[in-house]
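Have the structure open beside you and try each task before reading its solution.

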Amino acid sequence: MEPPNFYVARHVSQRRDLELVTQATMDEAVKSNYDMITSFITNMAFRARVERILAEASAEDKSIVTIRSMDDDEVNIHPGEFMGNVVVFTSPWIDLDSDDPLVSYVSKQVLKHEVAYACFCGVNHIVIAGPKRRANIAQYAQAINSVVGTSLYMQLHIDLPLAEEEGVNTGNGNATQPYDAFSVWDTWNTIRTLLGIIDNVSVRTALRLPLKLPKMEVQTRWFAEPVRMLIIPASIFLPNAKGFPVLSKQHQALIGRYMRLRPTPFILLADTSVPNPVSQFDGSPSRRRIEPATYLAYIQHLQKTQKPLAPVERFGAGYQDFLQAPLQPLTDNLESQTYEVFERDPIKYEHYEKATILALEERDPDNKIVVAVVGAGRGPLVSRALRAAEATGRNIQLYAVEKNPNAYVTLLRHNKDTWRGRVKVIKSDMRSWNPDFKVDILISELLGSFGDNELSPECLDGVQRVLNPDGGVTIPTSYSAHFTPVMAPKIHADISHRLSADSNAAETPYVVYLHSVELLAENQYIHNAWEFSHPLPIETSGGISALLEEGITEGINEHNTRFSKATFKIPRRGIVHGLGGYFESVLYGDVQLSTRPDTMETKSKDMISWFPIFFPLKTPIYVPDLSELDVSMWRLTDDKKVWYEWVVEAYTLLDEGVRFRLGASDLHSSKKVACLM
């Protein structure tokens, strides 16, 4: 899987001429190595007519005036097969959020005419200038709402800067507002909220990059949003030693990261024909005349020099933010293709082999060691156990236990063709396997994305009776569940769409490759919720056995319930769409696995077997700057199934550390989609 391709268009932000877009225009752009072209929908003739009507209405003190649609000589585009490769802009001179009611009324009419005509011409992408005044965002959103849905094939893109410039009047009255790094994101979020947008498709953002980038927190925030276009003005380029335009290291890193978004944003190179557009390193204009083609050549160079995709990115290509229901391994027999996906991960099996070597090395080399792989699947852990035995020179008797009758056939074939009859293959649910001997080393790969969500505790409890009470060990020896609040608008949109067909969609924990998300907690803190260790203490396993001997089954799984409550400090405003879940595991000794983004690099770098789990919120919670979130989570059971419940509470901090409760989510429960025992 190669890094993404860049799709680039040349854009002129202030056209003063009458430039009609034709097939020849598109052909010329392609000849110049551009993928797309841009155009304004209407030209200066239309503007002149509208401004003349507006001036006359103002002079006559009219509050309402009608603007008729465009004439042939007032537009820059006409229908054509090539229009799918044209990105159009509405007129930048309209003022949808003007304080003057007449101006805003006329602007809204112009917007409707232009959008309707662009859709008629077959345009798919329409860019609209963002609001000019913080105080009038509701007015702006109402105008945008009037054109949403004009065409099923149309996407609107709000042209917004990455962040406001310090010291610039934001238009909220006459006074300059205090600088707010997140004000532009706040504007976008307000527009989205007022429009009731949940699909992130009908309205997206076109981000304009500045010469001076904001702090990393702002850049990260936009990575979680539906950014469909990056507008890169020529004025943010710098001259290199030879005088050619280049971007700063910071801009290169930002573009490289944003181009990992799905779908990949378009790049609009803006105003490359403007005289002396390139800035010096001190921000002053360059004296060198730069040819427009050199900007495109540089962007193409950036594409060729992108960092290669990491193993997780290659494996997860196409699965970014894609929701998958967790497996039901105890009730469903997995297909061979599912096993094959798991087996693509060499890192996991290398770690298992290392752990098995450590466990074997602790055993007397003169004694035969009984090893069992329970839930053997198609046998990757069996192969690793044999390799570990060869590496340590230990004599082992190896058993492969598998309940899936189809996988059992594959194990038999492997034993004949690959393992040379060295393995005893058993067709049985591990919990009902009852051999007449004890196992010294019990190996399993039952971990789910949250560690225990695929019932590893219940499975290993059920098979513990075969473990040698005199020093028998399990691999893994322990595992823990971890969670953190995340902002994930794309995932929330997907879940919202599913609700019409699945009433449990907002209370289902999903396995998902978290991509376009932001971890909201301070320092991206991830809470360690609870842990399971194996084998069970004798007093616990003995108590369960005593109950079963008396015919009592109610409550025998209560020891596997868990509860955790954590407080997360939220330094910057955002929206909580749910909880990201991860796990860590000690396989044996110092051999560990982790899916946590902050520890995976050191414990199991490049491991791809597990995506995180996502616990959604039915209704997202907005949290202000310097707030706190209390998250409570339960692992529950009724001895037939296991499920989770979770709730999120938001607080703001008052003077002297007093917390004021802002609100709370519903109590969510996955009981209706529980994992069956």
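**Exercise 1.** Which helix gives the most to the lining of the largest pocket, and with how many residues?

*Solution.* Before we start, note that this is a predicted model, where local features need pLDDT of at least 70, side-chain atom pairs count only at pLDDT 80 or more, and totals for chains, interfaces and linings use all residues. Residues are numbered from 1 along each chain as its sequence is written, and side-chain values use heavy atoms, with hydrogens and water left out.

Step 1: list the contributors. At least two lining residues each come from helix H6 (216–223), helix H7 (249–258), helix H9 (311–316), strand E18 (518–519) and helix H17 (600–603). (Helices, H or I with at least four residues, and strands, E with at least two, are DSSP runs numbered from the N terminus.)

Step 2: pick the top one. H7 gives the most, with six residues.

Step 3: look at the whole lining. It has 39 residues, and Ala-310, Glu-313, Tyr-513, Leu-514 and His-515 lie nearest the centre of the pocket. (On a 1 Å grid over the protein atoms alone, a pocket is an open set of points where a 1.4 Å probe fits, with protein on both sides within 12 Å along at least five of seven lines; lining residues have an atom within 4 Å of a point.)

**Exercise 2.** At what angle do H2 and H3 pack, and how far apart are their axes?

*Solution.* Step 1: read the geometry. Helix H2 (residues 44–59) packs against H3 at about 150°, and the axes are 11 Å apart. (Axes are lines fitted to C-alpha atoms, for helices over the stretch in contact, and angles run from 0 to 180 degrees between N-to-C directions.)

Step 1: name the arrangement. H2 is therefore roughly antiparallel to H3. (Angles under 35 degrees count as roughly parallel, over 145 as roughly antiparallel, 65 to 115 as roughly perpendicular and the rest as oblique.)

Step 2: find the touching residues. From H2, Phe-46, Val-50, Leu-54, Ala-57 and Ser-58 meet Leu-102, Val-103, Val-106, Val-110 and Glu-114 of H3. (Contact means heavy atoms within 4.5 Å.)

**Exercise 3.** At roughly what angle do the axes of H3 and H4 cross?

*Solution.* Step 1: the axes of H3 (residues 101–120) and H4 (residues 137–145) come within 10 Å and cross at roughly 30°.

Step 1: H3 and H4 are therefore roughly parallel to each other.

Step 2: Ser-104, Lys-108 and Leu-111 of H3 meet Gln-139, Gln-142, Ala-143 and Ile-144 of H4.
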